[in-house]
Amino acid sequence: MKKNHLINLCISSFISSNIIGLPIIAKAQSFNNSQPIITAQNVNQLTEENLTAIMTTIEKAEKEKNLQPILDYLSPYVISTVTVESDNRTIITSLQGKKSHENFLKNSFATLKNETDINSYSNIKITEDGQMASVTRVQGTDIVTEDGKKYLSVSTDKIHFALIDNEPKIINVEVKGWLQERP
């Protein structure tokens with residue numbers, strides 16, 4: 001049970017969301033720079049700039065273990081799948097609805113002592129009409145749990161956004177991760 005909890009912890013730091021659409025914009029970049037942080041706001045279409053700002057806000061909130069900025073971008077009906085491979089096992093966790101995501105993140109943040117990014121890059125794709133977008137984030141992370149165990153985590157997160165009432169919201173997250181305990 002402890003291993004499942006640890007795996008959930010490692011993956012929770014990667015949760016965001018992803019939507020499959022017709023890609024118009026595709027640019028790889030890191031969100032770890034110091035860009036302005038924004039909160040949910042009315043827009044008439046998704047752009048590379050507002051998605052980059054949203055991801056910067058989400059990543060800052062993940063590092064600070066601050067749930068609210070993440071929850072602000074989740075749609076009420078968000079659905080996520082977290083798949084983690086570790087010790088020749090695969091664990092799949094399904095999350096449905098904002099409350100389920102909140103509980104998952106709270107549990108994960110409570111177990112995480114320290115997290116250090118090794119490397120990260122992202123790719124943004126936006127549909128032609130700007131109503132849906134997909135952010136794919138690949139990330140390597142060193143993780144230390146509250147009980148002092150050390151892990152290396154590598155994940156690919158697909159975060160799907162849609163404009164809902166003219167606000168960018170995450171409607172789906174697909175996380176595929178690998179976790180290895182370090183000596």
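Author: The model is predicted.

Reader: Which pattern does the protein follow along the sequence?

Author: The protein contains four helices and seven strands. Read from one end of the sequence to the other, they give the pattern α-β-α-α-β-β-α-β-β-β-β.

Reader: Which element gives the most residues to the largest nonpolar core?

Author: That core has 32 residues, and Leu51, Ile58, Phe161 and Ile170 have the most contacts inside it. Elements giving two or more residues include helix H3 (67–72), helix H4 (98–111) and strand S7 (167–182). The most, five residues, come from H2.

Reader: How many of the contacts between residues at least 6 apart in sequence join residues at least 24 apart?

Author: Buried residues make up 49% of the 183 residues. Among the contacts between residues at least 6 apart in sequence, the share that joins residues at least 24 apart is 67%.

Reader: Over which residues is the pLDDT below 50, in a stretch with 129 contacts beyond near neighbours in sequence?

Author: The mean pLDDT of the protein is 82, and 77% of its residues reach 70 or more. Where pLDDT is low, predicted coordinates should not be read in detail. One stretch under 50 covers residues 34–40, with 16 contacts beyond four places in sequence. The stretch with 129 such contacts beyond near neighbours is residues 1–32.

Methods
Residues are numbered from 1 along each chain as its sequence is written. This is a predicted model: local features need pLDDT of at least 70, side-chain atom pairs count only at pLDDT 80 or more; totals for chains, interfaces and linings use all residues. Side-chain values use heavy atoms; hydrogens and water are left out. A nonpolar core is a set of buried Ala, Val, Leu, Ile, Met, Phe, Trp, Tyr and Cys residues joined through side-chain atoms within 4.5 Å. Buried means under 20% relative accessible area, exposed over 50%, partly exposed in between (1.4 Å probe, protein chains only). Contact means heavy atoms within 4.5 Å. pLDDT is the predictor's confidence in each residue, from 0 to 100.
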